[in-house]
Amino acid sequence: MPRPTKKNRAANAVRKKLRKLHGTGTLQELRDDIRKFANDRDWGKFHSPKNLSMALVAEASELLEHFLWLTEKQSRMIVDRKLSDVAEEIGDVLIYLIRIADQLGIDPIDAARGKLVVNARKYPVEKARGNAKKYTEFLKA
């Protein structure tokens with residue numbers, strides 16, 4: 001069995017800490033927790049799809065900021081406190097995404113699976129494997 005790297009140990013520590021605090025659960029349970037959190041604070045009046053979408057982009061930008069100016073290699077080697085900060089930003093992004101879906105009555109799992117079907121047609125394995133071309137480039141060939 002390979003030795004755990006510093007990066008893996010840090011990531012596992014973050015996961016363990018989060019599981020200890022919150023446990024594990026389903027996406028529906030998380031949605032219900034997020035809904036309760038917002039309702040307890042009477043934030044529903046602020047949580048329009050427009051406002052939530054704007055908040056999602058702001059949080060995604062905060063996630064992006066952790067990787068700004070890093071090389072590809074450095075971006076794959078985030079450790080310790082920085083990894084914990086990145087995990088928090090991912091949490092923020094997921095919370096807003098789930099909240100938007102909840103407000104619009106969209107099942108995010110169904111939406112993602114549907115998008116995978118669409119993307120499978122746009123990016124057939126025989127044309128897309130190993131390259132980063134946009135699907136429109138495949139149409140030109």
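Which helix does Glu59 lie in? Glu59 sits in helix α3, and that helix is a handy way into this structure.

1. **Before you start.** This is a predicted model, where local features need pLDDT of at least 70, side-chain atom pairs count only at pLDDT 80 or more, and totals for chains, interfaces and linings use all residues. Residues are numbered from 1 along each chain as its sequence is written, and side-chain values use heavy atoms, with hydrogens and water left out.

2. **Helix α3 itself.** Helix α3 covers residues 49-65, which makes 17 residues. (Helices are DSSP runs of H or I, at least four residues, numbered from the N terminus.) From its first C-alpha to its last α3 reaches 24 Å, close to the 24 Å expected at 1.5 Å a residue; the expected span is 1.5 Å times one less than the number of residues.

3. **Its buried side.** Leu52, Ala55, Leu56, Glu59 and Leu63 are the buried residues to look for in α3. (Buried means under 20% relative accessible area, exposed over 50% and partly exposed in between, with a 1.4 Å probe and protein chains only.) They cover an arc of only 105 degrees around the axis, so they are on the same side of α3. The arc is that of the directions from the helix axis to the C-beta atoms. As a rule, an α-helix has 3.6 residues a turn, so residues three or four places apart point the same way.

4. **What covers α3.** Helix α5 (80-104) is included in what covers the buried residues of α3. The axes of α3 and α5 come within 9 Å and cross at roughly 165 degrees. (Axes are lines fitted to C-alpha atoms, for helices over the stretch in contact, and angles run from 0 to 180 degrees between N-to-C directions.) The two helices are therefore roughly antiparallel to each other; angles over 145 degrees count as that, under 35 as roughly parallel, 65 to 115 as roughly perpendicular and the rest as oblique.

5. **Glu59 up close.** Glu59 is buried, with a relative accessible area of 13%. Leaving aside residues up to four places away in sequence, Glu59 touches Glu89, Asp92, Val93 and Tyr96. (Contact means heavy atoms within 4.5 Å.) Asp92 is 33 residues apart from Glu59 along the chain, yet their C-alpha atoms are separated by 6.3 Å.

6. **Pro49, also in α3.** Pro49 has its place in helix α3 too, but is partly exposed, with a relative accessible area of 30%.

7. **α2 on α5.** Helix α2 (residues 27-40) also meets α5: their axes come within 10 Å and cross at roughly 85 degrees. These two are therefore roughly perpendicular to each other. On the α2 side the contact includes Leu27, Leu30 and Ile34, and on the α5 side Leu94, Ile95 and Ile98.

8. **Two loop residues to check.** Asp42, in the loop between α2 and α3, has a positive phi of about 55 degrees although it is not a glycine. Trp69, in the loop between α3 and α4 (72-75), has a positive phi as well, near 75 degrees. Asp42 is partly exposed at 47% relative accessible area, while Trp69 is exposed at 77%.
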